[in-house]
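The following note is intended for a colleague who is new to this structure. Please read the numbered points alongside the sequence and the model.

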Amino acid sequence: MRLLLVEDEIDIRNFLKSSLEETGYQVQAAPDGKTAERLAVEGEFDILIVDLGLPDQDGITLILKLRQLGVKAPVLILSARRSVDDRVRGLEQGGDDYLTKPFALAELLARLRNLLKRNSPAGNDATRLRVQDLELDLLRREATRGGQVLQLTQQEFVLLEYLCRNAGRVVTRSMILDKVWGMRIQPDTNVVDVHIYRLRGKVDGAGQQPLIRTMRGVGYVLKDR
Amino acid sequence: MSSKTGKPAMRSAAWRISLWATLAFAFGTMVVFAFLHGFVASDIQRRSDAWLSGEVEVLGDVAERTPKNALYDAVVGEVAELAEREVPNKPATANGSDDAVFFLQSGGDGALKLWVGAGNGEAHLQAIRAKNIPEDRPTDITVPGFAVPFRVASIRMDDGSQIYLGLSERDEQRVLWSLRLRFLVLWLLIVLLGFGIVFLTTHRMLSHVRRITEAASQIGHSDLDARVPTTKRNDEVSHLALTLNRMLDRIESSMHQLHTITDSLAHDLRSPLTAIRGKLEMSLSTITENEQAEPVVSAIDELDRLTDFLNKSLDVAEAKADALRLTRSVVELDDLLRVMIDLYEPSMSENGLRVRLQSRGPVSILVDSALLHRMIANLLDNELKHLPANRNLTIELHSEGSSAILTLEDDGPGFDPEVLLHVFEGRVKGKTSDGHGLGLAFVDAVARAHGGTVAASNRKEGGARIAIKLPLAMEQSSHIMVPVVSKSN
């Protein structure tokens, strides 16, 4: 996966570059908008990370310029601003994502994977999801594990569906809140954990191989093997 | 214009101003007319008196010189009739044989001696006798059978008889009547015209003021780029508009400065925080021993709490300066509460809390949804952290007038009385609280940024109560108004 990182802060750029490379991305880093434009035109990228506060231009302006130049790869926007302006919301509608600083690296990686998957053509219109012996019938809104029907509430089903769609990948608490409940909040309490705990109680019955794993300090993952 | 079109013109300031101005004008012109009328009336009186005095003298002279024989009546009568033709103020259409003038001579014994005029003269003589008429100046008498009084001049003859010449005031009154009528018509026209002109002028001017007011009221807490409309005229109203706009310029620039400061503060703190967090995470990935990982993980936790504190502090600071930036959209509060309660219910029941929503149906508000989400999450986090087990939380939602009322009531220990006084100020927390005390300050800040209020109190039955009032979205407020109005009837 080829990734273009546009970030002016040298500390952040360096640690992001090394972390991303460690994860398996081929990273090219640019400290400003001009360099980013040049790199984007020269090479093909699968995904972009763009910081909003660049020294020579606004991050959004850069993204719009790159889109005009024919760059179709999804963009993860990094922002140190506290309020999200309408233009970022617009880009979010268009399939890009944003993350406010400071962020957990796992959160960043999870969102990158999410963006890449969202842009891959397969898998989104399936009516059934299957992870190991867990099966979700999206039309009948019914989940079975090893042939046993699971008694899930509506909300638990949506949560499990989200975990299944991201099977094998870590999803963070804020991603769950964003995608399942549709809100970007950071509760001081363990509201998401209790939902996962309850869901796990239903999905991972006694004597079964546990599917939902907690990644400490990061989030959760539904094991796909 | 939209919000004021329903208001009747009669309740506008323009109406009142023009009404008072017109009343003053009407009264003033009335006084002037009364003065002129008095002047004209006395002038007409004076002229007819002069004529009467002159004529009666002539008649007296003629009567004196005419021998008292059979021809006397004919000669004096002829002269009297001639005099009648020269009556002043007489309308052109009137013919000579009317009853406007009479000539009467009474003998020394008071009996009617000679009469020229309409009727037989007895009634006139009676009236004259009833009233003592002085020699030197004409006097009014009222004759039964005549609506209009007569002006009568008299002269005493040497033979003791008395000559009276009477002139009806009918013509004089007709002149005055026509004067009054013409004045009244003209007066009404002028007054109405004046009212119209004053009303239109003030209405035009005040409608500009109204547009300024409307524009100014729409320039909310965060929408500061709008300006009130100005005109090219160089009057007080346009000065008002210009002054308001200059004031808005200054407010906007200081608001912009505040945003720049908070933004750069946030940015300058966040970038190093991001770098620190990244480095900690990287070092965490190289640590395999669980024990060694512990301090790094707790450092990351502390860092996240610091970030959260930074965000909330800046939000509260901005909101206190009325500078929260809002991106508003219509939010269905009833739906949102259900989703939120759905999110929090498992944690609540895990802590032994029962949560119940009492809602009277959909309530739409125009808010920044991200801020509203965080506000409600703060409220629920607050309950979750402070309520002991086996307690109840009741969330109540309804609309009242043009406001949405959201109330959270619990049967827990309630607020510490000391804390209650400063609960929305920030940095205040109960002794057992582990938060940084910004939660409710943030709730208050968000509510105020949206033009709402928050009130915290302890219930009589025990427990805490937080009531939030937010303005309804426009299109709904009109529907809601209806039942409230009918209820009050």
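1. Between the two chains, 36 residues of chain B are in contact with 33 residues of chain A (contact: C-beta atoms, placed from the backbone, within 7 Å). On the chain B side, two or more residues each come from α5 (236-286), α6 (290-320), α7 (333-350) and α8 (369-386). The most come from α5(B), with 13 residues. By class, this side of chain B has 14 nonpolar, 10 polar and 12 charged residues.

2. This is a predicted model, in which local features need pLDDT of at least 70, side-chain atom pairs count only at pLDDT 80 or more, and totals for chains, interfaces and linings use all residues. Residues are numbered from 1 along each chain as its sequence is written, while chains are lettered from A and ligands numbered from 1 in the order in which they are written.

3. In chain A, helix α7 (residues 173-180) is mostly covered, with 6 of its 8 residues buried (buried: 20 or more other C-beta atoms within 10 Å of the residue's own). Among them are M175(A), I176(A) and L177(A). Just after this helix, G182(A) adopts a positive phi of about 70 degrees.

4. Chain B holds an open sheet of 5 strands with mixed pairing, in the order β7-β9-β10-β12-β11 (strands pair if DSSP finds at least two bridges between them). Its edge strands are β7 (353-359) and β11 (453-458). The pairing of β11(B) with β12 (residues 464-471) of chain B is antiparallel, over 6 bridges; within β12(B), K469(B) is the bridge partner of T453(B).

Technical notes:
Helix = DSSP H or I, 4+ residues; strand = E, 2+ residues; numbered from the N terminus. Nonpolar A, V, L, I, M, F, W, Y, C, P; charged D, E, K, R; others polar. Buried ≥ 20, exposed ≤ 12 C-beta atoms within 10 Å, placed from the backbone.
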